[in-house]
Amino acid sequence: MGIVAASFTLAALARFNFEFTYVDPQLYKYHLALVVFFRLIGFLIFQSYSGIVRHTSLEDIKNLFNALLFSSLALFVLSFIGHIGNWSTIKIPYSILLIGFFIAMFSLTISRFMVKSVYERLIANHKDSRPVIIYGAGHLGRITKNSLYNDKRYKYKILYFLDDNLQLNGKSIEGITILNKKDELAEFLKRQKRLFPGLEVIFAIQSISSVLRNEIIDSLLKTGVPLKILPPIKQWMNGELKASQIHEIKIEDLLEREPISLNNRLVNEYLNGKKIMVTGAAGSIGSELVRQILKFEPEELILVDQAESALYDLETEIHRLSSKNQSLKVSFHIRDVSSEHRMEELFQLYNPQVVFHAAAYKHVPLMEEDPFNAVKVNVSGTMNMANLAFKYQSNRFVFISTDKAVNPTNVMGASKRLAEKYVQSLNAHQNTTRFVTTRFGNVLGSNGSVIPLFKKQIENGGPVTVTHPDIIRYFMTIPEACQLVLEAGTMGKGGEIYVFEMGEPVRIVDLAHRMIRLSGFEPEEDILIEFTGLRPGEKLYEELLGDLEKTKATHHPKILIAQVKPESHEELQKAFMELLKELESKSKLEIVRHIKALVPEYVSENSAYSSLDEAKS
């Protein structure tokens, strides 16, 4: 209100060229009181005072403008009435009101920004500056710079932009020099790290190929300078990058590929409003499937797992996620899929229309030691689920297999191949339920994957254990794999084995190097890498297709169909019953011998069962 009073006084003086004799003190006090009163009414109506001054934005200035415009229009109307009635106490000159409007608008705006600037300077003086180098001088680099400068938590000192574009070398953006240090990157960053302790590099490029991106990031990691990365643009808050979203780079960021495009219309058609059962629902794949299925608003979810603690954790999470959708029904059941009677109880009770069968034993060394449970869960369990889906006329049955089922060298992979055969044969035997198999490789962060193991070993100071220097694996992120499972479920007439395009394979020793560097250490200097030898049943190279398989394209570029001829259901069912007959009384060798008879391409590697192959040959 002080600024309002001063602005009106200044406007009155400016109107008469600052000659004080023209200002009538008697009239001025009435006019000033009216201006202050109506400005106050405008501020109260538009609440322009409610904005926190140190966070002043364009929205606050808009409120100020509306308040001043409203009060000025009211004063113009009042003054007009004064002119008509010749009442001098309310007859304020229009010119003074107009000049006063602009002076008040300017003064109120400047005052807020001055307070904001002083506050930021005072806070900045109490913060230690954080030295930063931004890799990428393009549009994202400039956005990154602005988001750092706007961050209220820390004071950032941006030293340089780094960019591989030679034409930008030596130029500057808003006073920050752009350098091209492609050929001497390591030396340059190490020198800067000595000059500026606590230096960080922010990688601010997204529109390049994943191969080139990973090459640049690998070269940055080797320098030992902490590296951060921007989140994908779609994750920015309200389309705006916040400094708090810039995070330390994770191994998942290096292995992720281009985002997957889902045909949401087709997926929605077979999930929306349906009763859906997910087995293995508390596992890494199963739980992510559940999260993604929730987005399509099914009528009911029936979630099955035999792991009590993990299922309880999932129950807690799902109740929180589904609290906004009171109509959704979710039930949780501790069941073993190999128990036909217990699973049939659920089918009788819920009659699910779609079944995702993710329950399985999948750890190669453990199943090599225990072929009984591999057959009991992976073979008998899948057989039970498929038979029940057919018996209770489910619309779709999606079986989640593994690349280890291709030319298997271990019990786990061979058991999954047997399950694939049964599901495919049952589809050819009937035309009620669509039976679909999905096959993919390792998923990042899944239970028992190499990533959590390496993280624990690095936290403990090493060594990081790798089985063989040449071992390679295909990797997917868990959300990526689950998206493809949902998409594959929409395809085909049933009986297909869908193979996911896994990208380029990753050498596990390279993965170990990256993870050690991401943790701020240097491989072989700070953290040792130890080669332990291939485990029983483990092979150097995973495959996605068998020797006799060919692929056929689908409408999705990342999903192919392995063309495998289904076997006779009657013969296969008879052979399976023979395998499962008195299973508990059979020895390990007897079980594996029987599996090898059913899966001729199964040849053990580095295993106690290799003698069975020698006897067979």
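**Figure 1. Threonine 109, a buried spot in helix H4.** At 16% relative accessibility, threonine 109 of this predicted model counts as buried (buried is under 20% relative accessible area, exposed is over 50%, and partly exposed is in between, with a 1.4 Å probe and protein chains only). Threonine 109 belongs to helix H4 (helices are DSSP runs of H or I with at least four residues, strands are E runs with at least two, both numbered from the N terminus). Once neighbours within four places in sequence are set aside, threonine 109 is in contact with Ile61 and Leu64, contact being heavy atoms within 4.5 Å. Residue numbers start from 1 along each chain as its sequence is written, and side-chain values use heavy atoms, with hydrogens and water left out. Because this is a predicted model, local features need pLDDT of at least 70 and side-chain atom pairs count only at pLDDT 80 or more, while totals for chains, interfaces and linings use all residues.

Figure 2. On a 1 Å grid over the protein atoms alone, a cavity is a set of points where a 1.4 Å probe fits but cannot get out, and lining residues have an atom within 4 Å of a point. Val4, Ser7, Phe8, Val35, Arg39, Leu97, Gly100 and Ala104 make up the lining. Helix H1 (2-15), helix H2 (25-46) and helix H4 (94-125) are the elements that each give two or more residues to the lining.

**Figure 3. Helix H10, wrapped up by the rest of the structure.** Helix H10 (residues 284-294) has 10 of its 11 residues buried, so it is largely enclosed by the rest of the structure. The buried residues in H10 are Ser284, Ile285, Gly286, Ser287, Glu288, Leu289, Val290, Gln292, Ile293 and Leu294.

**Figure 4. A mixed, open sheet of 7 strands.** The strand order is E3-E4-E2-E1-E5-E6-E7, and the pairing is mixed; two strands pair if DSSP finds at least two bridges between them. At the edges are strand E3 (172-173) and strand E7 (247-248), each pairing on one side only. Strand E1 (residues 129-135) runs parallel to strand E5 (residues 200-203), joined by 4 bridges, with isoleucine 133 opposite valine 201 in E5. E1 also pairs with strand E2 (residues 155-162) in the parallel sense, over 7 bridges; here arginine 130 has tyrosine 156 in E2 as its bridge partner. E2 in turn is joined by 2 bridges to strand E4 (residues 176-179), again parallel, and leucine 162 stands opposite leucine 179 in E4.

**Figure 5. Glutamine 393 and threonine 433 across a stretch of sequence.** Glutamine 393 sits in the loop between helix H14 (371-391) and strand E12 (396-400). Its relative accessible area is 54%, so glutamine 393 counts as exposed. Glutamine 393 and threonine 433 are 40 residues apart in sequence, yet 6.1 Å apart in space, C-alpha to C-alpha. Leaving out neighbours within four places in sequence, glutamine 393 is in contact with Thr432 and Thr433.

Figure 6. The peptide bond from glycine 462 to proline 463 is cis, with omega near 0 degrees. Proline 463 lies in the loop between helix H16 (450-459) and strand E15 (464-466). Glutamate 582 is not a glycine, but has a positive phi of about 50 degrees. Its loop runs between helix H19 (569-580) and helix H20 (588-598), and glutamate 582 is exposed at 59% relative accessible area. Asparagine 606 also has a positive phi, near 50 degrees, in a residue other than glycine. Asparagine 606 is in the loop between H20 and helix H21 (610-616), and counts as partly exposed at 45% relative accessibility.

How values were computed:
1 Å grid on protein atoms, 1.4 Å probe; cavity = no way out; pocket = protein on both sides within 12 Å on 5 of 7 lines; lining within 4 Å.
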